[in-house]
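Subject: Structure for your review

Hello,

I am passing on the structure we spoke about. Please look it over; my notes follow below.

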Amino acid sequence: MSAVTTHSPHDDAHGHEVPYETQMRSNRLGLWMFMFSELFLFGALFTTRFVLWGNTRPALSQEIGLLATGILLLSSFFMYRCEVGAANGDQKTFLRSALLAALMGTIFFIMVVVMEWNVFGLSGELFGIELFGHLKPSDGVYGGVFYAMTGMHALHVLSGIALILIIWWNGRRGFFTPERHWGVEATAIYWHYVDVVWVFFYPALYLMGHAVK
Amino acid sequence: MFRNTRIILTSALVKGLVGQFVAWALGYGFIAMLRAFRGLPTPGLYEPAVAFGAILSVIGFLVGAGVLTDWLKLIVGKRTPLRHGAPEGKPEWSRYLNVDYNHKVIGIQYAITSILVLLIGGLFAILFRIELAQPGMQWLTNDQYNTLFSAHGIIMIASILLGVGAMVNYLVPLMIGASDMAFPRLNAFSYWVAIPSAVLILMGMAVGGWDTGWVGYATLSLRAPLGIVLFMLGFWINGFSSIAGSINMLVTTATMRAKGMTLFRMPILVWGAAAASIIQMTATQTVGVALTMSVAERVLGLNFFDPAGGGNPILYQHLFWFYSHPVVYVFVLPGLGVISELLPVFARKPLFGYRWVALSSMGIALVGFLVWAHHMFTSGMADALRMPFMFSTMLVAIPTGVKFFSWVATIWEGKLPKNPPTPLLFVFGAISVFLIGGVTGPILGTIPTDLHLHDSYWIVGHFHATMFGGYIFPFFAALYYWYPKVTGRMYKESLGKLHFWLMLPAFWVMSIGQMSVGLLGMRRRVADYDPALGITTTHVLITLAALIIGWSVLIMIYNFVASTRTAPLADINPWRSRSPEWQIPSPVPEFNYAVPFEVIGEPYDYGLDGATYTREVVPVPSGD
C-alpha cells in the first residue's frame, strides 16, 4: 500500500519549510497549552489536599519551608537575568545566571528530599531549629498528600534543572543567538511556572489550617 | 522475500518491543538487586519491581524505536532536519513500520493500529458474550470473566482514542491547508507512546488480570490482583499520547490555517476535533493523578483512598470521572463532526446553521466539564451535589439537539442519492443509533430513575449506543469516505453495503436487547444471572448480534485490504466535495498542496450558483 505519492520528496522539501516566525508562534502557543494542561495536574493535587486535610495540616518545620520557598523564588530572578542575557547577546550574564538558577533549584530540591523527606534518616539541629522532617510516607493521608504534592513538584524542579543545564552547556558553545534562543525562552517560562505552582503549594502545605501532627 | 523479512525485523516497531522488554527486565533486576543488598529475597512477579520495570519499559520502547533520537541529539546541540519520504533504499511500505514524521503516514499508522486494537477488544467481548448466552458458568471462570470485561472496556477506549488520532492527524492539516502538523516529532511521539501503553495493558492480563472494570475504583483496586498495576500504568502512559496529540492539534489549527480561513470558515470536522482536543489536553491530567495515586497507594504505601488510614474513596471517583465523563465527548465530537461534514456533500445543500453547529461542539465540550458526578448518584457523595449535577447533565441535551436539528434540516429537501453509497449509509446509521443512545441518557441523568437503573444492563445498552452512534458508525463512514483519498483506489461498494446492512440491524438488536435485560433485572459486570429472570432468549440474541457485528467488521477489513491492490483507480473527487483535500491528486503528495490555496467563500455552500470555497493562491513575485 502506498498512501503517499512519492515524487522526489527531497527536492520539494525546501519550498515547504514552515517559516521561522510561524514555528515560533506555534512553539510559544504549544508551551502555554502544556502549562495550561499541567494546571489540571497540580489543580487535582491541590484539590486532593483540601478534600483529605480539610482545615488541618501536619506539623512541618516552618523555617525550612520558608527558606526553601525563598530560595526557589530567588532562583526565578536569576532565570529572568539568564533570559535577558541571552536576548541581549550578553554571554557572561546568560551563563552565570543559568548556573545560579540551577544551583538554587538544586538547593531547593535537596531541602525537600534530604531535609523534609529525610530519605537518609538523619537528625540534627542548627540554632535550635530541627533540620530534618519526621513525616513518613506511610503516615496516613498527611504523609500521602505531602509526599504526592512535594514529589510531583520536585519532579518538575528536577526536570527544570536538567533543562537549565542543557541550555547552559549548549549556550557555552554558542548555540543561541539574540535572534534565535527559543530554548532559553522556553526553559525560563517553564521555570517560572514551576515557581508559581510552589507559590500555591507552599501555603496549602505549610500555612493553611491548624497543625495536628 | 528475505529482504522484506529483514526490513520488518529491523523496523522501529520490532526494535521498540525488544527495547521495551529489555528495559523491563533491567528495571525488575535493579529492584531485585537493591533488595539483595539489604538481604531480602525477591519473589517472582514482585509488585514494586514489576511496576518500576513497566515505567522503564516505556522509555525502553521509545529509545529502541528511535522516537527520542532527534530530541536526544538536540540536547547535545545537534539540529537534525526532518526526513521526508521513505528511508534510503527501503520500500515505501516500510515507512509505516518505522518512525515517520509525515502527518499522513502517522494518520494511517493510527488508523491501522486502531482497527487492530478494535479487533482485540471485540474478540474479548465475544468471548464473554458467549459465556453470557446461557445462565450458569460454561467455559470461563469468574476471574477470567472479570479480566475480559475490564480489558474490553479499556482496550476499546484505547482503540477509539487511536481512531480519533487517525482522523485528526490525516484530515486536519489537509483541511486547513497546512503542509504538516505544527510539531511533527511530537506527533510521532504521540502515536508511538500508545503502543507500549497497549502492551502494558495486555501484559496486565497475562500476569493475572484484574477485576475492577475499566474504572478501577478504589478501594477494590487496592486489593485487586497484580494486573491492575499494569492496567493503570498503561492507561496513564496513554495519557501522554492524548495530551501531546491534542496540544499539537490545537496549535496546528491556531497557527497554520490557510490564508482567508477564518474560524467560521473552518471545516466543521476541525471544530469538532478542536473541541475534543480541549478536553483531552486538560481533563486527562486529573485521571493521571487518580491513577498515579492508586499505584502509589499500592506500591509505595502512600494513603489517599483507603478509609482505614483516613483516605476517601469518593475522591478517586471524582478525579476519575472528571476525566472519564468529558472523554466520551472526545470520542463522539470528531464523529459528530464527520456526520456534519458528510451530509451536505451528499445532500448537495449547505449545512444548516453552520455557526450553531460549530459552537455546539464547543458547548458540548464546556458543559461536559460540569456533569461528571452524574456517574456517582449512588456512590454516597455529598447530597448537595446531586441536584446541580442532574441539571447540568440535562443541559448537554441542548447543544446535542442543535446538531440533530441541523442534520435533519440539512437532509430536508436535499438531493440525496437514490442508491446511497456506503459512507452515507453509515452516516444515517450513526444518526439513528446516536438518537437511541441520546434519548436513553436523560433517564440515567435523572436521580430517581438512576437510583433504579444504576449498574444495570440498561446503562450498558445506553453507552454502547452512544459510542457506536457517536464514534464507530461515523468512523466507519469516514474510513469509507476518505479511503479513495488515502489509497487512490475505490473500495468494493457491494461489500461496503453488506457490512452496513449486517451491522446496523445487529447493533439495534444488541443495544435494545441490553437495555431490555437491564430493565428486567440484569446487573452489569456479573458473569452469571438467574434463569428465572426470563432473559435467556434475549441474551442469546445479544450474543448472536455481537457475532454478526464482529463478522461485518471483518468484511470491512477484507474489503479495504483487497482493494488496495486490485480495485480500480478512484476518481480524484468521487463525492464531488468542495473540500480542498479532494482537489489534489490521490494519494496525497508528500507536502499536500503544490500550490497553496486561499479561502474565499463559505465551506458548505453546496448547490448555490457561483459559490466557491477555495482557490489557488496566484504566486506573486517576492521582493527578496
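Chain A has six helices and four strands. Read from the N terminus, their order is α-α-β-α-α-β-β-α-α-β. The radius of gyration of chain A is 22 Å, well over the 17 Å that the globule rule gives for 213 residues, so chain A is more spread out than a compact globule. Please keep in mind that this is a predicted model.

Along the principal axes, the C-alpha atoms of chain A fill a box of roughly 70 × 50 × 25 Å. Buried residues make up 34% of the 213 in chain A. Among the contacts in chain A with a separation of 6 or more, 76% are between residues 24 or more positions apart.

Next, the interface between the chains. Here 41 residues of chain A are in contact with 50 residues of chain B. On the chain B side, at least two residues each come from α5 (103-132), α9 (227-255), α10 (268-299), α11 (313-324) and α19 (457-487). The largest share, nine residues, is supplied by α10(B). By class, the side of chain B that touches chain A has 29 nonpolar, 18 polar and three charged residues.

Chain B itself is divided into domain 1 (1-79) and domain 2 (100-616). The C-alpha centres of these two domains of chain B are 31 Å apart. Their contact involves 17 residues from domain 1 of chain B and 18 residues from domain 2 of chain B. On the domain 1 side, the elements giving two or more residues are α2 (12-37), α3 (47-65) and α4 (69-75) of chain B. Of these, α3(B) provides the largest share, 11 residues. The side of domain 1 of chain B that touches domain 2 of chain B divides into 12 nonpolar, three polar and two charged residues.

H325(B) sits in the loop between α11 and α12 (326-347) of chain B. Is H325(B) buried or exposed? H325(B) has 21 other C-beta atoms within 10 Å, and a residue counts as buried at 20 or more, so H325(B) is buried. Beyond its neighbours within four places in sequence, H325(B) is in contact with G368(B), V371(B), W372(B) and H375(B).

Regards

Technical notes: Residues numbered from 1 in each chain as written. Chains lettered and ligands numbered in written order. Predicted model: local features only at pLDDT ≥ 70, side-chain atom pairs only at ≥ 80, totals over all residues. Rg over C-alpha atoms; globule rule 2.2 N^0.38 Å. Buried ≥ 20, exposed ≤ 12 C-beta atoms within 10 Å, placed from the backbone. Contact = placed C-beta atoms within 7 Å. Nonpolar A, V, L, I, M, F, W, Y, C, P; charged D, E, K, R; others polar. Domains from an automatic or database assignment.
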